Amino acid sequence: MYPCIEHCIWLIPLLPLTGAMVNLLIGSRLPRPVTHTIAIGTIATSFVLSVIAYLHIVSLPPGQRQFIDTVYTWIGLQGFRVGLSFLVDPLSVVMALIVSGVGSVIHLYSVGYMHGDKRYSRYFGFLNLFAFAMLLLVLSNSILLMFVGWEGVGLCSYLLIGFWFEKIENAKAGMKAFVVNRIGDFGFIVGFMLLFTAVGVRTGTWSLDFGVIKSNIGLVSPAILTAVGIMLFVGATGKSAQIPLYVWLPDAMAGPTPVSALIHAATMVTAGVYMVARMNFLYALAPDALRVIAIVGALTAFFAATIGLVQNDIKKVLAYSTVSQLGYMFIGVGVGAFGAGIFHLMTHAFFKALLFLGSGSVIHAMSGEQDIRKMGGLSSKMPITTTTFVIASLAIMGVPGFAGFFSKDDILYHAYISPYGGTFVWLLGVVAAVLTAFYMTRLVILTFYGNPRMDHHTAEHVHESPKTMTIPLIILAILSAIGGYIGMPAIFGVHNVFAQFLAPVFASGVRLPEGSVSLEWTLMGVSVLAAFSGIGFAYYLYGVRTELPAIMAEKYNTAYRWLLNKYYVDEFYQKYIVGGLMGLKDLLGVFDARIIDGTVNGTARLGRRLADFEGAFDRVVVDGAVNAVGDGIVSAGAVLRKLQNGLVQNYLIVAVIGMAILLSLVLL
Amino acid sequence: MLSNYLLSLIVFTPMIGFVLILLMPRERVTWIRWTAAVFTFIPMVLSFYLYGTMDASSAGFQFVEKYPWITAFNIQYYLGADGISTPMIVLTGLLSFLSVFASWNINKAHKAYFSLYLLLVTAMFGVFMALDFFLFYIFWELMLFPMYFLIGIWGGPRREYAAIKFFLYTLAGSVLMLVVILTFYFNSTDPATGSHTFNIVTLMNQANQGMFIKQFWVRLAMYVALFIGFAIKVPVFPFHTWLPDAHVEAPTAISVILAGVLLKMGAYGLMRISYPLLPDMAAYTAIGLAILGLINIVYGALVAMAQTDFKKMIAYSSVSHMGFVILGLASMTFIGFNGALMQMFNHGIITGMLFLLVGVIYDRAHHRDLNGFGGIATYMPVYAGITSLAFMGSLGLPGLSGFIGEVLVFLGTFKVYPVIVIVSATGVIFTAGYFLWAYQRVFLGPPNEKYRGIARINGRELFTLVPLVLIALFLGVYPMPFFNLVGASLSKLLMMVGH
């Protein structure tokens, strides 16, 4: 429909990069409206281009919905070539739409949220840079180029978590995020090296392009593919905050709230899910790797939700909620339902971005307060924020009709019927759904309803946020409310448009068995029941018998402490892993200074002792003889002086002859 | 016309500056500085010309100059450049020019400093061009002498210790090298003249190798002796401890030259001499080399993490990064070789930048204690920005040139030594750890009141840094000019070592 788009896909990531460069280099000298106009303008244009790419893709027959736009050869050696090339297919188009769409909305929101910040242009520069890296990640045509985006988003995350770096906690949170992600990257690197080598040795084709690997994947042994699948997933546990590397994400809330919404909820943290979906052709041949992903996802979904039950910081609740929801996405892709995982990725991008932006609106109104124990009753003063936040909460809880309902149900259904999932994975998912409904209801009640618990001064200042902030809320609320209908399951008598659109990408992937219609209805009933029981229980505790939570916390004190302190996982890591590393580096530092360098200095001292001894020997014995001979030498010197005619060549000749004689004596 | 003498011009132009400076009155500091600037600028431009006019599709030596020198011993004045040496020549030209400006605030004996500096530049160019073993050795030793004084006179508090350590260590290496050179000489026959020869090209010619010593153990001993000579320069564990001392005590510009150019000579020596002349031994010992590369990468990173001196940390990061070069060379694969050579060039650019950056803060605060700063980013935003870019480049962030060298080393070596590569890859974690930790301690957190009003980075400092930033960015996004330059020569080298 728009064939010209096939040659200008590169503009989609390039535009935000240009915006970032302008704002980072000269932004501090530009007026603020120019700064944010550039930032929003570039990302919005990328969104428009993504829409055009989407329209073009759907105009093609389903089997041919794919094209590659190569700009130039990035790395080109004999037999190994990586192009700066972009792959556009239904999967990457969906991702590009989410990233640039939600990204545009959050850029707009930032205008209001960051309006008083002294590093305004730097903020928008980093945000644009992030958009560039994320779009590169989702559009790239090879694992190596994807890794460029993968690391790029990590960098931006680091820069934006520590954006207010004067507070040392923020700086430390940024560093923690980067280093923990690097642990994951180690796995990712090992994974793609192994894949690269395995395919190369088998076929003689050395490549990291998705297409090339896909067409040769069958030649690689399943054991290696399983190892590759697991190592790549280790990378995903870092980027997408899964057990055991999730610990950086809650700390990442130190960044500005729009950043939490864009990077740490809607887009970057879903990169791992996207990666697994993109590599579906590999995982289809590595069922054990899929099982690992499903189990880790299910455990994370459950585990993070339990922590979310008792947190008192509005952003921390949402952070653990994100970890938990990412777990759902991994259940989806892990059981082989790649489309369901991506579907939840999309709906989650809507409602979780909205929840974060809503919390930002609250924090903004509360003059920076984030503790929900000091909130309450905000609904009357902030109607738009409250309404949109409630819509997002209904979506994440899985209340029928809202976006999260369809996507979560899709995942749980497939978890149940898939050979890689099973009852255990499904059950963890259902329990996590109860917990999700509970902590979200608690959060909504404590924040927006009941009696105000803030001090008088703060209460007076509570106000609805400006339009630049509420318009994004409204847009995302609409999407959270109706965004699920494109993925309605067939049992409602419609086509699952979303699944059908993505199907060609996953065509060579996993074949899942078909469940019966009655089973599907039953499972859906269980999901709905889960959501409402969580809501009801939380409403009873926080809306009716409000004295009960404190009593329960007292009664089950040990359990409560463990939850409140996040099972002490951070403390454990700090003590044993960080502590171990610190001990090791100190040990090696001392080893280097004392042993290695000590040996060097010892050798030098020994040499000097020997020289001293020889010196004494020289003076007494040798000099005595020499002096006697000396007089005779003086006359000989007159002859030898002729040799010293100042020609360097001759000196060299003499030197070389001497060495040659010495060496000949030694060798011959 | 220019092409006939291009290499000699590059080598000896700094010597003209050397003579001119010697003729100048010592109070004329400005004259002296600008003379040094001009006579490093000219060879830099000529080295760009060399890159521009070189025929990259040919693996052979180009711009060859060959004259009899000391005929009695068949010693030749023999220079040439190929795809392996040209990047090093360009790097030398660039860094020696920029470092003149980093030497601007040398505050004593300017005349001696800049004349020795120019002598050093000549020697460095010479090493990368010499194709006669004897000439190579002369240049190699010639480097030692100015370097000794540049560290020993203009260095920090422990400069004499550091200078002597550097001198003796390198000398020990070059004595071993000399023994090997002479062994080659006395066992060789130039097919053209029938006499012994120092001609590296003749010696590396496979057809002539039959004349060499054939005993396995002698060849192995020669390889090891030569390797130790080069390993000290790289430096390879456990011969690396001269490096932190020399780096820490040397003035900024000399640290840049040390890290940027001198360390490359060890790896260059392996590629130019060890591998072609003793290819069987290179293959035989490759796994040992790979293990040493691994130790350099991981051990260097962990020891870097233990440092509290900013400059010492960068010095150990060099140990770690040069490990990638060693690992890539051990791989004996085309991808690995490309990665290693790229890493050599990148390390020169990025670590050069890092030492310049340490110099900037040291000039202002007069200390380098990583724990003694805090919040500097508030006072010096541009400086903080460039430092973060250099740190990211050094920790191998994709998009900057450092990544390409490292990832190619990994991809090329994995096929041969998978376990070694996997263990080496843990280095990416530790490297991120020490760089970000250092960055946090120096630049982030509440601004340290002590440095309120600290001068922002100035134009001269920016002038030395910006070209390196641009190169690191450019090669990260578009490294093909580099690969096109080195490909043919690296294929030839790979064939020589039998792959």
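Residues are numbered from 1 along each chain as its sequence is written, while chains are lettered from A, and ligands numbered from 1, in the order in which they are written. Because the model is predicted, local features are reported at pLDDT of at least 70 and side-chain atom pairs at pLDDT 80 or more, whereas totals for chains, interfaces and linings use all residues.

View 1. The secondary structure of chain A comprises 26 helices and two strands, where helices (H or I, at least four residues) and strands (E, at least two) are DSSP runs numbered from the N terminus. The C-alpha trace of chain A spans about 115 × 65 × 55 Å along its principal axes. Of its 668 residues, 53% count as buried; a residue is buried if 20 or more other C-beta atoms lie within 10 Å of its own, exposed if 12 or fewer, and partly exposed in between, with C-beta atoms placed from the backbone. Chain A is divided into domain 1 (1-141), domain 2 (143-283), domain 3 (286-564) and domain 4 (570-667), with bounds that come from an automatic or database domain assignment.

**View 2. The contact between domain 1 and domain 2 of chain A.** The C-alpha centres of domain 1 and domain 2 of chain A lie 19 Å apart. Across this boundary, 27 residues of domain 1 of chain A are in contact with 29 residues of domain 2 of chain A, two residues being in contact if their C-beta atoms, placed from the backbone, lie within 7 Å. On the domain 1 side, strand E2 (80-88), helix H3 (90-113) and helix H4 (120-139) of chain A each supply at least two residues, and H3(A) gives the most, with 10 residues. The residues of this side of domain 1 divide into 22 nonpolar, five polar and no charged; here Ala, Val, Leu, Ile, Met, Phe, Trp, Tyr, Cys and Pro count as nonpolar, Asp, Glu, Lys and Arg as charged, and the others, Gly among them, as polar.

**View 3. The surroundings of A:Thr267.** A:Thr267 is found in the loop between helix H10 (257-266) and helix H11 (271-278) of chain A, and it is buried, with 28 other C-beta atoms within 10 Å. Not counting residues up to four places away in sequence, A:Thr267 touches A:Ile98, A:Val99, A:Val102, A:Gly103, A:Met134, A:Leu262 and A:Ala349. The C-alpha atoms of A:Thr267 and A:Ala131, which are 136 residues apart along the chain, are separated by 9.4 Å.

View 4. In chain A, E1(A) and E2(A) pair in the antiparallel sense over nine bridges, pairing being assigned if DSSP finds at least two bridges between two strands. These strands form a hairpin with two residues between them, and A:Gly79 in the turn has a positive phi of about 80 degrees. The bridge partner of A:Thr73 in E2(A) is A:Gly83. Seven of the nine residues of E2(A) are buried, so E2(A) is largely enclosed by the rest of the structure. In chain B, six bridges join strand E1 (residues 62-70) to E2(B), and these strands run antiparallel. Their hairpin has four residues between the strands, with B:Asn74 in the turn at a positive phi of about 55 degrees. The bridge partner of B:Lys66 in E2(B) is B:Tyr78. Five of the seven residues of strand E2 (residues 75-81) of chain B are buried, so this strand is largely enclosed by the rest of the structure.

**View 5. The interface between chain A and chain B.** Here 49 residues of chain A are in contact with 49 residues of chain B. The elements giving two or more residues to the chain A side are strand E1 (67-77), helix H5 (143-161), helix H6 (168-203), helix H25 (569-640) and helix H26 (648-667) of chain A. H6(A) provides the largest share of that side, 16 residues. By class, the chain A side has 31 nonpolar, nine polar and nine charged residues.

**View 6. The largest nonpolar core and B:Leu120.** The largest nonpolar core has 431 residues, and those with the most contacts inside it are A:Ala353 and B:Leu120; such a core is a set of buried Ala, Val, Leu, Ile, Met, Phe, Trp, Tyr and Cys residues joined through C-beta atoms within 7 Å. H6(A) contributes the largest share of this core, 19 residues. Leaving aside residues up to four places away in sequence, B:Leu120 touches B:Met143, B:Pro146, B:Met147, B:Leu150 and B:Ile257.
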